Amino acid sequence: SCRWARAEAILKELEEKCATPIGKLRQVADAMTMEMHAGLASEGGSKLKMLITYVDNLPTGDEKGLFYALDLGGTNFRVIRVQLGGKELGVIKQEAEEVSIPPHLMIGSSNELFDFIAAEVARFISSESEEFQLPTGRQRELGFTFSFPVRQTSLSSGTLIKWTKGFSIDETVGEDVVSELTKAIDRQGLDLRVAALVNDTVGTLAGGRFYDKDVVAAVILGTGTNAAYVERVHAIPKWHGLFPNSGEMVINMEWGNFRSSHLPLTDYDDSLDAESLNPGEQIFEKLVSGMYLGEILRRVLLKLAEEAFLFGDTVPPKLRIPFILRTPHMSSMHEDTSSDLHVVASKFKDVLGITGTALKTRKMVVDLCNIISSRAARLSAAGIAGILKKQGREFTLERQRTVIALDGGLFEHYTLFRKSLESTLAEILGNEVAPFVVVIHANDGSGLGAALIAASNSQYS
Ligand code: ADP
Ligand code: MG
């Protein structure tokens with residue numbers, strides 16, 4: 001029919017606009033490398049902030065003692081304690097608790113948010129078993145994983161540049177988040193020192209390195225996306241501080257804000273951006289991360305409803321609600337292997353209130369999921385290739401093994417996304433290099449990583 005032909009034309013156009021042939025991916029990787037250089041050269045030199053983290057040593061495995069971590073970066077925060085036993089014993093015991101943040105605290109006052117967090121930390125510490133031992137006379141020490149853009153002033157201080165991911169507390173912006181946390185800890189009467197402030201990418205890098213000495217970069221693909229990697233201090237012109245013994249510095253790229261004329265952007269992406277809370281910002285994140293993939297799909301489905309009447313003569317009202325279709329819905333439809341695609345049918349019914357879709361329509365939905373998620377996964381792989389190129393690891397001259405630690409709900413739970421990312425990275429690197437580059441899942445490595453960084457920055461070591 002004429003309607004179906006129109007629907008197929010819309011699909012075809014999307015497919016063409018989202019195409020990421022290998023040549024385009026190489027251009028994206030090269031653009032990433034170039035922006036990295038520019039961001040390292042001067043403050044504000046690039047869309048990539050390339051933030052200096054003051055982490056100039058990554059875990060060696062020798063870390064010993066009881067350390068804590070606090071991970072704040074989304075709707076939940078986690079408190080972790082870990083008993084480290086050094087080279088021989090490694091992680092002796094680790095415990096974590098997750099607490100969800102009441103939404104009103106995400107947009108309330110700074111004191112209320114940090115008091116809530118500090119109270120939970122106090123509760124966590126008061127419930128400690130005897131397996132966790134703090135030598136007498138020692139103060140407890142904590143690594144604070146804070147996954148928002150921060151301009152660090154030392155390993156244990158930094159001012160908030162802006163809130164993201166639904167947080168909005170104006171009075172915290174420009175403040176030192178460690179001092180905010182420390183004041184709240186003091187108000188609880190708790191004896192605890194914040195020894196390190198780290199981004200979740202940096203924590204993941206540190207946690208990954210603890211288990212595998214060849215880890216040189218970390219990427220988060222969750223609600224948002226970001227990356228951190230190990231840079232040579234000589235290659236950071238904007239660094240005017242002391243030259244660390246290691247000669248290295250971990251850089252928090254804030255790569256979600258990457259953009260380039262080579263990115264395959266469609267009208268759907270442009271309108272999503274224009275109607276977002278942060279128009280013009282985080283363009284790479286809006287193409288790639290879990291917060292947005294389902295929303296891109298919704299926008300395509302809405303167009304199909306409006307212009308090809310794919311779901312009947314009227315537009316199903318729920319299809320007009322932004323963010324109603326989440327990326328986990330999209331992945332379960334994409335990964336529906338049943339012959340009648342009944343998962344697609346049930347998501348359409350439960351989430352969008354659409355019933356009675358034809359099998360060919362459901363097949364088209366799976367195709368749409370594939371187009372949107374492949375583009376995201378392939379662009380993520382190109383970003384990683386850009387980092388490897390910056391590190392000079394895109395050749396195997398020295399046959400060195402290179403490991404990238406990945407984490408985040410999108411990478412962890414969306415299997416087809418993950419497979420596409422891995423195969424695309426191998427495709428970009430080529431047969432010679434690909435066998436030396438390994439992607440690992442650093443499951444919840446950021447909390448452990450923050451505790452490890454606190455350990456290596458302990459006042460007692
Ligand atoms: P955060 O990024 O908020 O710290 P996570 O790393 O756990 O938290 O990532 C959560 C995000 O991962 C969700 O917002 C969602 O976009 C994505 N995600 C979670 N589960 C799935 C899934 N099954 N399929 C696709 N994406 C998922
Ligand atoms: Mg996270």
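Which residue in strand 3 is the bridge partner of Phe-67? In strand 3, that partner is Val-82. This is a predicted model, in which local features need pLDDT of at least 70, side-chain atom pairs count only at pLDDT 80 or more, and totals for chains, interfaces and linings use all residues. Residues are numbered from 1 along each chain as its sequence is written, and chains are lettered from A and ligands numbered from 1 in the order in which they are written.

The sheet, then. Five strands make up an open sheet, ordered 4-3-2-5-8, with mixed pairing. Strands are DSSP runs of E of at least two residues, helices are runs of H or I of at least four, and both are numbered from the N terminus; two strands pair if DSSP finds at least two bridges between them. Strand 4 (91–100) and strand 8 (192–198) are at the edges with a single partner strand each, so one side of each has no neighbour in the sheet. Strand 2 (residues 64–72) and strand 3 (residues 76–85) run antiparallel, joined by nine bridges.

Now the helices. Helix 16 (residues 445–456) packs on the sheet and touches strand 2, strand 3, strand 4, strand 5 and strand 8. Touching means contact, that is, C-beta atoms, placed from the backbone, within 7 Å.

The axes of helix 5 (residues 110–126) and helix 6 come within 8 Å and cross at roughly 60 degrees. Axes are lines fitted to C-alpha atoms, for helices over the stretch in contact, with angles from 0 to 180 degrees between N-to-C directions. Among the contact residues are Phe-114 of helix 5 and Leu-181 of helix 6.

Terms used
Two residues are in contact if their C-beta atoms, placed from the backbone, lie within 7 Å.
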